[in-house]
Amino acid sequence: MPNQRDLGLILRRFPYGESSLVLHVLTREHGRVHVIAKGAYRPTSRYYAALDLFDTLELEWSARPGAELVQLVLAGIEIRRARISHDLGAFTAGVTALDLAALGSHEGHANAELFATLSTALDRLAAQVPPAAALVEFELAFLHNLGLAPALTACASCGGAAPPLEQEPDEPARAAFSASSGGRLCSGCAIVARAAGRRVGTLPASVLELGDAILARRVDAATLAEVELERVRDFVARFLEVHLESRPSSYQQFLAAHNRNARTRTP
Ligand SMILES: [Zn+2]
């Protein structure tokens, strides 16, 4: 079998033996590939110092049929993004994006769109865009790529209009929202979903509409105030958790905080 070549982004690195590394890599054309980089820590290796997180790498590997790991033959750096590792906020956001891409990718299933989405997020972080902005753009694009984008303006269930619910005077407009039903709901579908035992809450309509504008790229997330970004990220992270059926370790801290979109009662 001839050697394979592709561009790749390292998702996870595990030390192996004395001087080797096992890498889970998202490639552009070959989906997720698990490679062993033998002697990666030896200065004489052909990929020494070329296996950092966040860089786009040009990789060559040899695949033996039936082998669980393919063997890395060559690695070069195509795009260096060293800056991400020098800023804690950017680093944490970058690792979160890699964690999600690991959860959303499959061995041997090419997903060029996911590769492009992740590359864009890492470019944004390297360009010192606020990390929360780069991350929420990625999270929404990631959900869209998986076919799981939340309904943010229309009803997830019937596709009809989903106007805000009746509200107290002076209270910001809120809409029914159910992560397990796919997002925003009209009042009729909210009743049906509740009766079916689904969890239905409410979210500020303005936060949902902001999420929609970010997803459709009508708004550059980097121009938003931190508190707005946090509100969008809060519901997106909770939505991701329901749909990925796991809480990626990088979300523990973010989601341990109180719900940033909870109703605030006016005294
Ligand atoms: Zn509906």
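Me: What makes Arg233 a charge over the ring of Phe254?
Reply: This is a predicted model. In it, the charged end of Arg233 is 4.2 Å from the centre of the Phe254 ring. The distance cut-off is 6 Å, and the charge must also be within 35 degrees of the ring normal. Arg233 sits over the ring, so the label applies.

Me: Which other residue lies over the face of Phe254, and at what distance from the ring centre?
Reply: Arg260 does, at 3.9 Å. That value also falls within the 6 Å limit.

Me: What makes Phe177, Phe235 and Phe239 a cluster?
Reply: Ring pairs link them. Rings pair if their centres lie within 6.5 Å. The search of the whole structure finds four aromatic pairs.

Me: Why is Leu118 called buried?
Reply: Its relative accessible area is 0%. Buried means under 20%, so Leu118 qualifies.

Me: Where does Leu118 lie, and what is it in contact with?
Reply: Leu118 lies in helix H2. Leaving aside neighbours within four places in sequence, its contacts are Leu9, Leu11, Leu26, Ala97, Leu98, Ala101 and Phe138. Contact here requires heavy atoms within 4.5 Å. Phe138 from that list is also one of the buried residues of H3.

Me: Why is helix H3 called largely enclosed?
Reply: Because 12 of its 15 residues are buried. Among them are Leu135, Val136, Phe138, Leu140 and Phe142. Glu137 and Glu139 are on the buried list too.

Me: What covers those buried residues of H3?
Reply: The cover includes helix H1 (88–104), helix H2 (112–126), helix H5 (205–215) and helix H6 (226–244).

Me: What makes strands E3 and E5 a pair?
Reply: Two bridges join E3 (residues 32–37) to E5 (residues 70–79). Val35 has Val70 as its bridge partner in E5.

Me: How many bridges pair E4 with E5, and in what sense?
Reply: Seven, in the antiparallel sense. Strand E4 spans residues 56–62. Leu59 stands opposite Ala75 in E5.

Definitions and conventions. Residues numbered from 1 in each chain as written. Predicted model: local features only at pLDDT ≥ 70, side-chain atom pairs only at ≥ 80, totals over all residues. Heavy atoms only, no water. Buried < 20%, exposed > 50% of the residue type's maximum accessible area, 1.4 Å probe, protein only. Helix = DSSP H or I, 4+ residues; strand = E, 2+ residues; numbered from the N terminus. Phe/Tyr/Trp six-rings, centres within 6.5 Å; stacked < 30°, edge-to-face > 60°. Pairing = 2+ DSSP bridges.
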